[in-house]
Amino acid sequence: MNKMIDLRSDTITRPTSGMKEAMMEAPVGDDVFGEDPTINALEQKAANYFGMESAIFCPSGTMTNQIAIRVHTAPHTEVICDEKSHIYLYEGGGIAYNSFASVRLLHGDRGRITAEMVQDNINNPDDVHAPISTLVSLENTMNKGGGCVYDFKEIEKISAICKNKNLKLHLDGARLFNALVATKDDSKKYGKHFDTISICLSKGLGCPVGSLLVGDAVNIKKARRVRKVLGGGMRQAGLLAAAGIYALDNNINRLEEDHKRAKAIAETIDGLTFVDSVMPVETNIVIFKLANKVLATDFVDKLKQIGILAVTFGKHDVRFVTHLDFDDDMLTDLIKKLKSI
């Protein structure tokens, strides 16, 4: 019997033997006291990667995003982001619950907003009827946009507007490494334009747990206080941090393999009768719309019956995500099964 092909997310991967070995050998200490050497090393490594001063290790990307929002906002202020943003759709209403902030939702190109859109949606700070625009948040790659990638020139323009208008700029970079591999951009360029960057280690990089918030020393010092309030202070978590160090050393360049497999899937399903359309594939996410008004819930159930796990991504939309545990043999099997439908 063939093994179930799981394309629900790149979060479902399991640590490799090399990663587990690194975890078991990691020296540890109490991180709340700042004494875990492996966590300290991971945080410095991540900060250096983006040319920034400091970083903080957290259990999840939701926590790093929400900490950043709390650091950059206050009650009666507003976050500008795309309507498809993870921080708005998938973080439990955390912007309102944690930060008491409002949200200005923009309608970008598959979730990517422009500098002009940001400029046009900054509230007049003297208008007491509107919250004060304080933070702009981008997502790269954009999950709901099929893993699409920002043009860095547009990021530079958005950054210039934020600096001119005294707004903070945050990046939800849960899959930023996918973007960097796809574009070959210098990671340190990101550190020059964003006040904070959230990166996830447990998606494409294959770690069991963990995300990092990267920024300057002042913002990360504030972030540690917010992390404590949220219950995110960990003790001997160097075992988890060691997985992150291993991932940064070994699992970034291989993301290109995930991208190639995702494009192969898209090319296959684009011509199948049950598919109406496929979003352009730039990284490791494939989102397609079903033909003939077939419900995504029904189709995902059908896929499960033939050994394929996927998720619904709208009433008629389905998402596949390629990852570390999805290899060429599985790709061949997947294509065969899809063509048999």
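Which residue forms a salt bridge with R110? The tour returns to this point after a view of the whole chain. The model on display is predicted.

**The two domains**

Begin by colouring the chain by domain. The domain assignment gives domain 1 as residues 17–251 and domain 2 as residues 253–340. The centres of domain 1 and domain 2, taken over C-alpha atoms, are separated by 28 Å. To the contact, domain 1 gives 22 residues and domain 2 gives 15 residues.

The size of an interface is often expressed as the accessible area lost when the parts come together. Between them, domain 1 and domain 2 bury about 1,600 Å². Of this area, 54% is on carbon and sulfur atoms.

**Pairs across the interface**

Side chains of opposite charge can pair when their charged atoms come close. Across the interface of domain 1 and domain 2, three salt bridges are found. Select K184 and E256 and show their side chains. K184 forms a salt bridge with E256, and the closest N and O atoms are 3.8 Å apart. Six residue pairs are in polar contact between domain 1 and domain 2.

Now select helix α8, residues 176–183. Helix α8 gives the most to the side of domain 1 that touches domain 2, with four residues. On that side of domain 1, the residues divide into seven nonpolar, ten polar and five charged.

**The salt-bridge network**

Select D109, R110, R112 and E282 together. These four residues are linked in a network of salt bridges. The structure as a whole holds 17 salt bridges.

Start with R112 and D109. R112 forms a salt bridge with D109, with 2.7 Å between the closest N and O atoms. R112 counts as buried, at 14% relative accessibility, whereas D109 counts as partly exposed, at 45%.

Continue to R110, which answers the opening question: R110 forms a salt bridge with E282, the closest N and O atoms being 3.2 Å apart. This pair links distant parts of the chain, with R110 in the loop between β4 and α6 and E282 in the loop between β9 (275–278) and β10 (285–290), 172 residues apart. R110 counts as buried because its relative accessibility is 18%, and the cut-off for buried is under 20%. E282 is partly exposed, with a relative accessible area of 25%.

E282 also forms a salt bridge with R112, and here the closest N and O atoms are 3.7 Å apart. E282 lies in the loop between β9 and β10 and R112 in the loop between β4 and α6, so this pair ties together parts that are 170 residues apart in sequence.

**Backbone exceptions**

Most residues other than glycine have a negative phi, and most peptide bonds are trans. Keep R110 selected and display its backbone. R110 has a positive phi of about 50° although it is not a glycine. The loop that holds R110 runs between β4 (102–106) and α6 (115–120).

Then move to N166, in the loop between α7 and β6 (168–173). N166 likewise is not a glycine and has a positive phi, of about 60°. Is N166 buried or exposed? N166 is exposed, with a relative accessible area of 68%.

For the peptide bond, select N140 and T141. The bond from N140 to T141 is cis, with omega near 0°. T141 lies in the loop between β5 (132–139) and α7 (152–164).

**Two buried residues**

Select N219, in helix α10, residues 217–229. N219 counts as buried, at 8% relative accessibility. Which residues is N219 in contact with, leaving aside its neighbours within four places in sequence? They are V71, H72, D195 and T196.

Finish at A310, in the loop between β11 (308–309) and β12 (311–312). A310 is buried, with a relative accessible area of 8%. Apart from its neighbours within four places in sequence, A310 is in contact with R8, V300, L303, V318, R319 and F320.

Note on methods:
Residues numbered from 1 in each chain as written. Predicted model: local features only at pLDDT ≥ 70, side-chain atom pairs only at ≥ 80, totals over all residues. Heavy atoms only, no water. Domains from an automatic or database assignment. Contact = heavy atoms within 4.5 Å. Buried area = accessible area lost by both parts, 1.4 Å probe. Polar contact = N/O pair within 3.5 Å; in protein donor to acceptor, adjacent residues only side chain to side chain. Nonpolar A, V, L, I, M, F, W, Y, C, P; charged D, E, K, R; others polar. Buried < 20%, exposed > 50% of the residue type's maximum accessible area, 1.4 Å probe, protein only.
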